[in-house]
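Subject: Structure handover

Hello,

Please find the structure below. My notes on it follow.

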Amino acid sequence: MPQPTDRGWAWMVLLAAVLLQGLTLGFPSCIGVFFTDLQHEFQASNSETSWFPSIMVAVLHGGGPLCSILVKRFGYRFAVMLGGLLSSVGMVSSSFCKSLGQLYITAGLITGLGSCFSFQAGVTALGHYFVRWQALANAMASTGVSLGFTLWPLLSQYMLDEMGWRNTFLIFGGILLNCCVCGAIMRPVQLASGSLVQLPRPGEDSGRRQNRKTACFQMLQKYLAFDIFCQNKGYQIYTIGVTWMMMGFVLPHVYLVPYAIQNGVEERKAALLISIIGFINIFIRPLTGLLSGHRIFTGRRIYLFSLAVLLCGLSNFICIISAEFSVLIVYCVILSIAMSGIGALTFQVLMDVVEMDRFSSALGLFTVLESITLLIGPPLTGLLVDITNDFHYVFYTSSFLLISAALFMGLSFCALEKKRNLKETTKVPLDNPSRYQYNDTPTEPQPESQSTPAVVYVTSI
């Protein structure tokens, strides 16, 4: 067991994780503020402009395998600090861009990749520092996203009015360097024997002696967890559901501000809508973490997650009814409550589904697949808006994707649990059935004198 856990320096690491998630996952929330100015600057359509935040968010999620390699080879501290440096360089370079194509590379690719390294390595570090309080720690860390959602849009609108988008991007480059400070706090966890849990074991490099094809296959299996995807039905269902969900989840964050402005809402008030979502998240996410961490929800967090996704999808119909500022505030309140559940539980459910020693690899494949839908969702919807000149299709599309994903995950896990219970009635009773949650792999009966090995890592408080 890593020492120390759930105490001491672990709480400083949690504080660093909060700041990291605010600087990385929270950062794309401010892009909608610059949407109209970038359109005018580069004379671009909705679809062309939406590629900028799409690339950033897709790379932020899809760079997981590269982050896994960095964490395995050099440790999560190095990965976080490298990510902070890349994010800063990307935003500073963006302030000098002369075309949207250049912005795709600098702010989209470079900043997105840097944010990915910092964020995902920070999540991995948090998993090593917390065991008993892991559900609460994940929920508390996700409040950083809420802080980012609250502060980034307000700061962006103020700086955009005062100095323009180019100087704003330049200053953002300096702010994102704080990821390096957070990385410095995340010192390697020590085992009882004194070895580091994040360093590779001596046998991990044996694949280099084999031919290139075999080594490539081993690397894909190691960092993308295809074996888990094929064998673990719970991980398979969850990954497919979240991948489908993400195509609709990101749409309101990109188009809410332009939608409000088009319907006569003042720019400052439109930017305030995103901040309202983030502010409410600050208080709701920890409560969600405490609730989901209760032992009664052990093995059932996926149902809470599906319920949050369903509420998120249903809330979009409020925007369809009216675009009045007061109505949009109601929408933001309901959306933020649903987002709190999604944000607090996304990685906790993944930790429930897979073993912690394979979490980094499982996270890599998980984020690669969802990055594909994150990349294509906003541009395709933007193309639909360009054709119809109607922003209502953004919320219709988002609702359909979110509701269908929620029903798929909830019903699939319900069927999987019934199938597992049916199998257990024909086998030797297990000592601790909750440890086998979400795993559909057949389990051989064990002799009474031997204890049954754990298959799935489940945390509770």
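A crossing counts as left-handed if the near helix is turned anticlockwise from the far one by less than a right angle, and as right-handed if clockwise. Helices are DSSP runs (H or I, at least four residues), numbered from the N terminus.

Two points on the basis of all this. This is a predicted model: local features need pLDDT of at least 70, side-chain atom pairs count only at pLDDT 80 or more, and totals for chains, interfaces and linings use all residues. Residues are numbered from 1 along each chain as its sequence is written, and side-chain values use heavy atoms, with hydrogens and water left out.

The α5/α6 pair

The crossing of α5 and α6 is left-handed. Helix α5 covers residues 76–94 and helix α6 residues 100–129. Their axes come within 7 Å and cross at roughly 160°. Axes here are lines fitted to C-alpha atoms over the stretch in contact, with angles from 0 to 180 degrees between N-to-C directions. That makes α5 roughly antiparallel to α6 (angles over 145 degrees count as such). The contact residues divide into 13 nonpolar, 13 polar and no charged. Nonpolar means Ala, Val, Leu, Ile, Met, Phe, Trp, Tyr, Cys and Pro; charged means Asp, Glu, Lys and Arg; the others, Gly among them, are polar.

Leu-109 lies in α6. Its relative accessibility is 42%, so Leu-109 counts as partly exposed (buried is under 20% relative accessible area, exposed over 50%, partly exposed in between; 1.4 Å probe, protein chains only). The C-alpha of Leu-109 is 6.5 Å from that of Ile-55, and the two residues are 54 apart along the chain.

Helix α11

Of its 17 residues, 13 are buried, so α11 is largely enclosed by the rest of the structure. At its start, a side-chain oxygen of Asn-232 comes to within 3.0 Å of the backbone nitrogen of Gly-234.

Two serines

Ser-50 sits in helix α3 (residues 46–62). It is buried, at 0% relative accessibility. The Ser-50 side chain reaches the backbone oxygen of Ser-47 at 2.8 Å.

Ser-322 is in the loop between α14 (301–321) and α15 (325–353). Ser-322 is also buried, with a relative accessible area of 18%. Its side chain reaches the backbone nitrogen of Glu-324 at 3.2 Å.

Best regards

How values were computed:
Parallel < 35°, antiparallel > 145°, perpendicular 65-115°, else oblique. Polar contact = N/O pair within 3.5 Å; in protein donor to acceptor, adjacent residues only side chain to side chain.
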